[in-house]
Amino acid sequence: MTVADAVSPTPGPPLSTALEARRLVKDFRGFRATNEVDLQIREGEIHAIIGPNGAGKTTLFNLLSGFLRPTSGEVLLFGERIDTLAPHAIVRRGLSRSFQISSVFPTMTVRENVLVALGSPTPLPGQFWTPLSRLEALGPRADEILDRVGLGAAHARLAADLSHGEKRQLEIGISLTQEPRVLLLDEPTSGMGSEGIARVIALVREVARGRTVVLVEHNMSVVAELADRITVLQYGQVIASGRYDDVRRDPRVIEAYLGEEAHA
Ligand SMILES: Nc1ncnc2c1ncn2[C@@H]1O[C@H](COP(=O)(O)OP(=O)(O)OP(=O)(O)O)[C@@H](O)[C@H]1O
């Protein structure tokens, strides 16, 4: 029995499932990167997916957001199959994913970046955008989003001039333009110093109000601080899932990933 099995059920009414993977498999020319993954993300939680390098976290994110088709298995969003849908159709159903620099136009201002995302059916790279002149009606909404992600004062700066951390804030702002019920964040603190990390932690908490957040994150103190529950992957398989404090004591997790940190 794993520690995850031993976690006692949360008291109160059952929580509904926002996002679910059932026996999800992804093979790359004979290499199994995702191996029979079962995953349940509860509505309203912050759920972290962790695991050593090459464990299959990015592949799983790509499968959940429609950027890869599973070899077999299912992905369900609020109970409906989405694994056969294109990424933009999944965004329309309420799941949005933060893209890294690819979704930010460096030669546009911060505000213009949010405006074009608001004017687009989906904030995915490579979309055709509505001309900026026609988007000004969306200005108040853009300003609201910029305030929410802490970039109100930076609205007129070119995206290219933002710091690494500010670009991550902008990406999250762009994801919010679609008002997703489920937001997937891929390593939101990667490459940041402690000040940037503290800002992103506060930002993730803020954007998680009223929505479900799933994040891939390497920094264990960020995971400990933010995540209601975590899922640990190793060699493409789920080796534990549950509350952070329970999962971190699982001997398989300690061996696979957490090492000395787990004893801290
Ligand atoms: N398109 C692909 N073709 C072949 N193999 C792939 C492909 N994408 C990923 N893999 C392999 O699948 C495994 C899982 O990769 P993935 O990027 O999902 O891991 P990860 O947990 O996100 O790693 P990291 O923490 O280093 O980002 C790796 O062994 C990787 O080499």
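**Briefing on the predicted model**

Helices α4 and α6 form a right-handed crossing. The structure is a predicted model, with an ipTM of 0.97 and a pTM of 0.86. The points below treat the helix pair, the surroundings of the ligand and the confidence of the prediction.

**Helices α4 and α6**

- The axes of α4 (residues 110-118) and α6 (residues 164-176) come within 9 Å and cross at roughly 25°.
- Because angles under 35 degrees count as roughly parallel, α4 is roughly parallel to α6.
- On the α4 side, Val110, Asn113, Val114 and Ala117 take part in the contact, and they meet Leu170, Gly173 and Ile174 of α6.
- By class, this contact of α4 with α6 comprises five nonpolar and two polar residues, with no charged residues.

**Surroundings of the ligand**

- The residues around the ligand are Phe28, Phe31, Ala33, Gly51, Asn53, Gly54, Ala55, Gly56, Lys57, Thr58 and Thr59.
- Two elements, β2 (31-42) and α2 (57-64), each give two or more residues to this shell.
- The largest share, three residues, is contributed by α2.
- Six residues of the shell are polar, four are nonpolar and one is charged.

**Confidence of the prediction**

- The protein chain has a mean pLDDT of 86, and 85% of its residues reach 70 or more.

How values were computed: Residues are numbered from 1 along each chain as its sequence is written. This is a predicted model: local features need pLDDT of at least 70, side-chain atom pairs count only at pLDDT 80 or more; totals for chains, interfaces and linings use all residues. A residue is near a molecule or strand if its C-beta atom, placed from the backbone, lies within 6 Å of it. Helices (H or I, at least four residues) and strands (E, at least two) are DSSP runs, numbered from the N terminus. Ala, Val, Leu, Ile, Met, Phe, Trp, Tyr, Cys and Pro count as nonpolar, Asp, Glu, Lys and Arg as charged, and the others, Gly among them, as polar. pLDDT is the predictor's confidence in each residue, from 0 to 100. Axes are lines fitted to C-alpha atoms, for helices over the stretch in contact, and angles run from 0 to 180 degrees between N-to-C directions. Angles under 35 degrees count as roughly parallel, over 145 as roughly antiparallel, 65 to 115 as roughly perpendicular and the rest as oblique. A crossing is left-handed if the near helix is turned anticlockwise from the far one by less than a right angle, and right-handed if clockwise. Two residues are in contact if their C-beta atoms, placed from the backbone, lie within 7 Å.
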